[in-house]
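Hi,

Here is the structure I promised to pass on. Have a look at it first, then read on for what turned up when I went through its pockets and cavities.

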Amino acid sequence: MLGAAVSPSASQPDLQRAYGVFATEAQVLDAEYTPHTVNTDGWTATQGAWKALFLKITIILCFLHAFVKIRDRATKALHEVFEQVQERVWETSHAPSKGAFSQRLRRLREWAERVVPESAMKTHTLDLCDKRAQCSQSYEHGYAHRTSNMVDRLMKFLDRACFNTQYFHGTCESAESRARALALLWNFCPSSPSTVSKYHGKACPAERLNGKRYAENWLENLLVSGSMNGVEMD
């Protein structure tokens, strides 16, 4: 986790400042760093913040977020038709090409307009069909992520930690210090045995990033890595 920051609101200026912490810290590692794509939810302020920080970035709408909006509006009365909607939506997401994706979205719209009863679930299904341009951008970027699953998994760790301490107390500065401390712990705590094996013995995200382990004990490794060899920063 790089550039952990707390935003005091969901406005674009505040989100831009928070994401700007990530941009600054990523560019400390690589001065030329600029992402080609970013996968986001549909929040306009989030997308605007990314575009302001990285002018050439391509925004890709998270397909999973679009599906979750449909799922959350599926009442008990709509259970049977939701099963069909779900199957058709995920079939659309697995289209092998941009053209096939567009075709499946059109078919999804035609089917939903004909079969799905008037409801919030139907509205969000049709909304997904209207977002073809944003969702299909991933087909033009071979390594782009189509969902934000990887970020969501990291956020679950932070969410559980915040829930267990009744979230934040005091100032935004103290809240940000806590968020950064949690990110630091994630970066240096040993991963699961299967993940360690996958990365040929590299035990934690920090070790996988810099290729070094200063001590076998993870906490000692964190302290040595963060000591900066006595160099003080302003």
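Helix α5 gives the most to the lining of the second largest pocket, with four residues. This is a predicted model, by the way. α5 covers residues 98-115, and together with α4 (79-93) it belongs to the helices that each supply at least two residues of that lining.

If you want to find the pocket on your screen, pick out Arg-88, Glu-91, Thr-92, Gln-103, Arg-104, Arg-107 and Leu-108, which line it. Sorted by class, you get four charged residues, two polar ones and one nonpolar one. The volume of this second largest pocket comes to about 160 Å³.

How many cavities of 30 Å³ or more does a search of the whole structure find? The search turns up one. About 50 Å³ of space lies in the largest cavity.

Which helix gives the most to the lining of the largest cavity? That is α3, running over residues 63-72, with three residues in the lining.

Cheers

Technical notes:
Residues are numbered from 1 along each chain as its sequence is written. This is a predicted model: local features need pLDDT of at least 70, side-chain atom pairs count only at pLDDT 80 or more; totals for chains, interfaces and linings use all residues. Side-chain values use heavy atoms; hydrogens and water are left out. On a 1 Å grid over the protein atoms alone, a cavity is a set of points where a 1.4 Å probe fits but cannot get out, and a pocket is an open set with protein on both sides within 12 Å along at least five of seven lines; lining residues have an atom within 4 Å of a point. Grid points are joined across faces, edges and corners, and a volume is the space filled by probe spheres set on the points. Ala, Val, Leu, Ile, Met, Phe, Trp, Tyr, Cys and Pro count as nonpolar, Asp, Glu, Lys and Arg as charged, and the others, Gly among them, as polar.
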